[in-house]
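My notes follow in the order I went through them.

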Amino acid sequence: MITEKILKDDERQTISIVYDEFTGKKYIERRIFDDKRDIFRIIKKLEHPNLSKIIRVEFDTETLIYEEYIDARPLTEVMGEKTPIGKKEVRKIAIGIISAIEALHSVGIIHRDIKPDNIMVDKDFNVWLIDYDIAKIYRPELRKDTEQLGTFGYAP
């Protein structure tokens, strides 16, 4: 894989667009500096139309994930355009988001970072929920989280 562009690089993770020179396909490569392999292996099995497809999950000293590259923009950008989004498109976006959350919850995954930056929208208003790096597996015996995560203004 050849790194085409680094999208994010901080203390928790590095996210890059990578190019496979043999297949000609682009992927998102996530290097998460803790053990998230269980969550990504569960999501990989889902194959839901509103969740980015996980291609491969590896773990050595960090979690390494390859997922499909989605030719779309964050909902933040779509919302920032001068032309308002029509009611039909808003409905399509909302149904896609709800469907993605429902799919995650059906396998015991809580996303914990639902925000416009983590919702990708293509030109036809198809949507994908992305960025599972602070997701967790639901455990009913735990009554609350022990740490605050997510983006201020969006975090539960």
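**Entry 1**

I began in the loop between S5 and strand S6 (73-74), where Ala72 is found. I'm working from a predicted model here.

Is Ala72 buried or exposed? I got a relative accessible area of 19%, so Ala72 counts as buried, the cut-off being under 20%.

Next I asked what Ala72 is in contact with, leaving aside its neighbours within four places in sequence. My list reads Met120, Val121, Asp122 and Trp128.

I also checked Ala72 against Arg31, 41 residues apart along the chain. Their C-alpha atoms are separated by 21 Å.

**Entry 2: around S5**

I moved back to strand S5, residues 63-68, and found it mostly covered, with five of its six residues buried.

Which strands pair with S5? I noted Glu68 in S5 as the bridge partner of Tyr27. Strand S4 (residues 54-59) also pairs with S5 in the antiparallel sense, over five bridges. There I found Phe59 opposite Thr63. S4 and S5 make a hairpin, and three residues sit between them.

**Entry 3: helix H1**

I then looked at H1, residues 37-46, and picked out its buried residues: Ile39, Phe40 and Ile43. Why do I put them on the same side of H1? Because they cover an arc of only 90° around the axis.

I listed what these buried residues pack against: S3, S4, S5, helix H3 (87-106), strand S7 (109-110) and strand S10 (136-137). Just after H1, I spotted a positive phi of about 45° at Glu47.

**Entry 4: the cores**

The largest nonpolar core has 22 residues. I wanted the members that touch the most other members, and these came out as Phe40, Leu51, Ile54, Leu104, Ile119, Val121 and Tyr132.

Where does this core come from? H1, S4, helix H2 (75-79), H3, strand S8 (119-121) and strand S9 (127-129) each supply at least two residues. H3 gives the largest share, five residues. Apart from this core lies another, of five residues, and I found Ala72 again among them, along with Ile70, Met120 and Ile130.

I took a look at Ile54 on its own, not counting residues up to four places away in sequence. Ile54 touches Phe40, Ile43, Lys44, Ile65, Tyr66, Glu67 and Tyr132.

**Entry 5: salt bridges**

Last, the charges. Side chains of opposite charge can pair when their charged atoms come close. How many salt bridges did I count? The count comes to twelve.

I looked at Glu29 and Arg31, which form a salt bridge with the closest N and O atoms 3.5 Å apart. Glu29 is buried at a relative accessible area of 8%, while Arg31 is partly exposed at 29%. Both belong to a network of salt bridges that links Glu29, Arg31 and Glu62.

Arg56 and Glu58 meet at 2.6 Å, N to O. I have Arg56 as partly exposed at 37%, and Glu58 as partly exposed at 31%.

Asp124 and Lys123 make another salt bridge, 3.5 Å from N to O. Asp124 is partly exposed, with a relative accessible area of 43%, whereas Lys123 is exposed at 72%.

Notes: Residues numbered from 1 in each chain as written. Predicted model: local features only at pLDDT ≥ 70, side-chain atom pairs only at ≥ 80, totals over all residues. Heavy atoms only, no water. Buried < 20%, exposed > 50% of the residue type's maximum accessible area, 1.4 Å probe, protein only. Helix = DSSP H or I, 4+ residues; strand = E, 2+ residues; numbered from the N terminus. Pairing = 2+ DSSP bridges. Contact = heavy atoms within 4.5 Å. Arc of directions from axis to C-beta. Core = buried A, V, L, I, M, F, W, Y, C linked by side-chain atoms within 4.5 Å. Salt bridge = Lys/Arg side-chain N within 4 Å of Asp/Glu carboxyl O.
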